[in-house]
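Some notes follow for a colleague who is opening this entry for the first time.

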Amino acid sequence: MSRVGLMPEEGGGSYKLLVCLLAGIGIIIAAAPMAIIVIMSFSAAETSSFPPSEFSLRWYETALTLFSSDESSGSQAVGAALSSSLLVGLVVMVLSVAACIPLAYALVRGQRRLRQSMELLFTLPLVFPLVMLGIAFLLIAESLRWELGIWRLIIPHLALVMPFVLRNCMSAMQSISRETEEAAISLGASPLRAGLDIVVPLMKPGILAGLIFAFIISFNEFTITFFMYTIDQSTLPIWMYSRTVSSLDPSTLALSVFIILIDLVMIIAIDKIIAGRSSLF
Amino acid sequence: MSVSAHEGRPRVLPLPRRGIRVNALYRRSAPWLLCLPALLLITPFLAACLYMLRFSVSADTGAIDGFSLQAYVELAQPYFLRSVWLTLKLAATSTMIVLVLAIPLAIMIVTTRSASWRRVLTVVVLLPMILNLLIQSYGWILLLGPAGAINTALTQLGIIERPLILLFNEKGVLLGLVQTSLPLAVFPLMSAMRVVSQEYLEAASGLGASQWRSFADITLPLLKPGLISAGSIVFAFNASAFAVPLLLGGRRVRMLGLAIRDMISPLFNWSGAAAGGMVLILIITLVLVFSTWLVSRSSVRGVS
Amino acid sequence: MKGAAGMAAALAMPSIVTAQGSKRYDGKTVRLLTWSDDTGLAVLNHIAKPFEEATGAKVIADRTGSTSEMVAKLRAAGDRPQYDVITLAGVGGVTLAADGLLAKPDLNQLPNLEQVDPQFRTGADGHGIGYLLWTGGMIYNTRTFSEPPVSYAQLWDESVQSRLFLPPATWTDALDTVFATSKMLGGDGRDAEAAFEKLAQLRDRLLTFGENPTQLVELFRSNALDIGGVYAPAFFARELANPEQSNMGATYDLEEGFFADLMYTIMPKSHPGDDDVVHAFINYTLDAGVQGVMAEAVLNGPVNTQAVMSEAARSSPFIIKPEQLSDKAVVHDKDFIASVREDWIKRYTQTLS
């Protein structure tokens, strides 16, 4: 008789077959639209019939010229949208992680009740109706009459990334034993020093994953940004939207592939950093 | 100076008064002080929630003015109730499907030896959630549309005469919901899987349990808390979905997110939208609290 | 500098470029909000860009949204709008004017208005300046129909089951559809009761709502759609010019008539930019040349009676010229539409989804 396991190496019969079958269906559902977009972006034809009859890189060339030649017209300029996307993403990632490190510490070391309620609180932005949140943020921002500038976008994004960042920091924190801190304190370090010099470095994988995660979510966020963007502060997904909604020319697909690549690199980076030791959520 | 996690944790001797010292660290830094920055960052979100709550009881539909429960009363129409029912139905169905697909996917990712394959799987599962859905919807149309690749193939093979309508209805929305929420279940399940140690399963195999038996008797019970919390997140995420029903439902599948948007524009009934939002939030919060309670109950039982 | 420019504008000089050759609005900015679809893109290419070149002003354009999203955004912003000028459907202009959010443009600073057909000069109580005519009829598949359909009744034909689309409830075209159904049943267009009853028959025959014109193009190209309406050919200028590839045709020649809506350019109260350059921009949208180019690009009807069009555009059946607005054209009473709008949108959604 063969040995059992989550995924037995040999044998496994109907169990293994079913696991592979269902996982295969899952992978197809997840990847099919992206695969088609990637294939279509290499099409040589003007129209988007699938599968393409000929392949070329022409749409990539068109997409590249968008970056170099787009001179004016505000929110039409992809360069401006890209740079504010990057700025928002960077600020969001730094602030959210800086706030989640102490929180994760407090929750993992704290009482169970505090932990449960805080975890619930910080899960809410993930499951909130984004449309509603968008209009609420917009009405508040307008009624406060403050010149928020780029913070119009950063503040809502911060709420959205917190669930992901916190989970990453907490799972990293969970693997740190109390003894480590105690050792530092017994050697004369102040609690704050012990936290900064011992705990934070040990949390590094979770922190890095949180940083990248925050960036990915912010970089791709659409629904709330759709309400909050202004003519001067817009992001790449908004630019993509106003472009794709009117016409689906393959250069947009080429641009999507470019965005897929950015996300891909970052996800692989997270996976490398946490290398199966921690989880993404 | 910094101790890297890779080098393993330094083993230290038990120290006298250790409990007191750590407690001192914890107490002196005060849990609330540690929570403060994060709470500060999430305050605008809470303010937005309160703002909606206030708006939902406004007497004016376009501005906050006076108090009235009119917006809630008006929700008790078939127009809205059908959306509630549809939302519950689709969120529940998609959650079931997601869990059925997520367990094997998590098993596959956790047990994959090759790091590069694991990365490919991770990317494939994670990307749909974050990538611009407008673009993905074109991908779906090219594949599943009435003249998409699948229908063309089936027609040419003579299997069907009229194209199957796979999009612009509840099926299409369900597919999109499953696709975008899959990572929310796969990744928590992956970490739950690591708890299912090989030793348990080997012990079972030593006792002569079959593959299916050990899955049903050992893996599943150990995964239960993970399944409940993953399921509740998926349900909540899908109940508040907006872009998926908009783009893959052909606007014919009016889930709550869409109904709320229609109230914002073109109906400009903002208090109604806020009231609808509060109903949705209530449903979601109830599901989350209930699942938290379920998880804590099952883990307490597990300990005792 | 500013004073001089203001004075020049007050004099309403017909030419925009000053004698010295330096451009008149150098350093000034116009913030424009327009549609996210192809019609908005055309505004950018055929109005904003040449305007920038001619005057030295900078046009910052935001083209994300439909008319109702524009109205929502402006309402939320209240008395602190971020836009100087907005192009939108007639009903949006009327709504915003009723909210008291719009400024009345100074007609003396819009010399091009003289060339505009008098019935299309202003609207929304003087807050909206006529822009172009939005016209809606039926879109059909040229492979299925050798002759264009002649009545909206075609939507109920057995042969087009699961191959038809309707406008989304959020668009004014949905109200037109209710109107057309009522007329088809012999009513005056306002008999919503009977119309909704008839429309209910389409619920299970509908493939999709035409929320996204690009999706529709894809569905027609792949021969998955036969017919739809009331819908504007405006979205499909490129496709209608090339029916062999797109399979798309459009017609206004219907028993129940077609629909025409005067779109407006509007100017919010306390808008950020200078009045003179905003007026110059609005005036520029009415220029005979610009109107002709726009009509050709997005198949909207020009309001300038002297619009300069190519021979092809002048004979194009898809572009309705002011003089062609016979009794076949349904031009809604905007007050009536405003009064039934909310109810009809709700019932349209309820009936069909």
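1. Chain C contains 13 helices and 13 strands. Its radius of gyration is 21 Å, close to the 20 Å that the globule rule gives for 353 residues, so chain C is as compact as a globular protein of that length. Please keep in mind throughout that this is a predicted model.

2. On dimensions, a box of roughly 70 × 40 × 35 Å, taken along the principal axes, holds the C-alpha atoms of chain C.

3. Of the 353 residues in chain C, 58% are buried. Among contacts in chain C with a separation of 6 or more, 76% are between residues 24 or more positions apart.

4. One helix pair deserves a look. In chain C, helix α4 (residues 90-98) packs against helix α13 (residues 334-352), with the axes 10 Å apart and at an angle of about 80°. Angles of 65 to 115 degrees count as roughly perpendicular, so α4(C) is roughly perpendicular to α13(C).

5. Which residues of α4(C) and α13(C) meet? From α4(C) they are C:Gly90, C:Val91 and C:Val94, and from α13(C) they are C:Lys334, C:Ile337 and C:Ala338. By type, the residues of this contact are four nonpolar, one polar and one charged.

6. Chain C also touches chain B: 25 residues of chain C are in contact with 19 residues of chain B.

Note on methods: Residues numbered from 1 in each chain as written. Chains lettered and ligands numbered in written order. Predicted model: local features only at pLDDT ≥ 70, side-chain atom pairs only at ≥ 80, totals over all residues. Contact = placed C-beta atoms within 7 Å. Helix = DSSP H or I, 4+ residues; strand = E, 2+ residues; numbered from the N terminus. Rg over C-alpha atoms; globule rule 2.2 N^0.38 Å. Buried ≥ 20, exposed ≤ 12 C-beta atoms within 10 Å, placed from the backbone. Axes fitted to C-alpha atoms, helices over the stretch in contact; angles between N-to-C directions. Parallel < 35°, antiparallel > 145°, perpendicular 65-115°, else oblique. Nonpolar A, V, L, I, M, F, W, Y, C, P; charged D, E, K, R; others polar.
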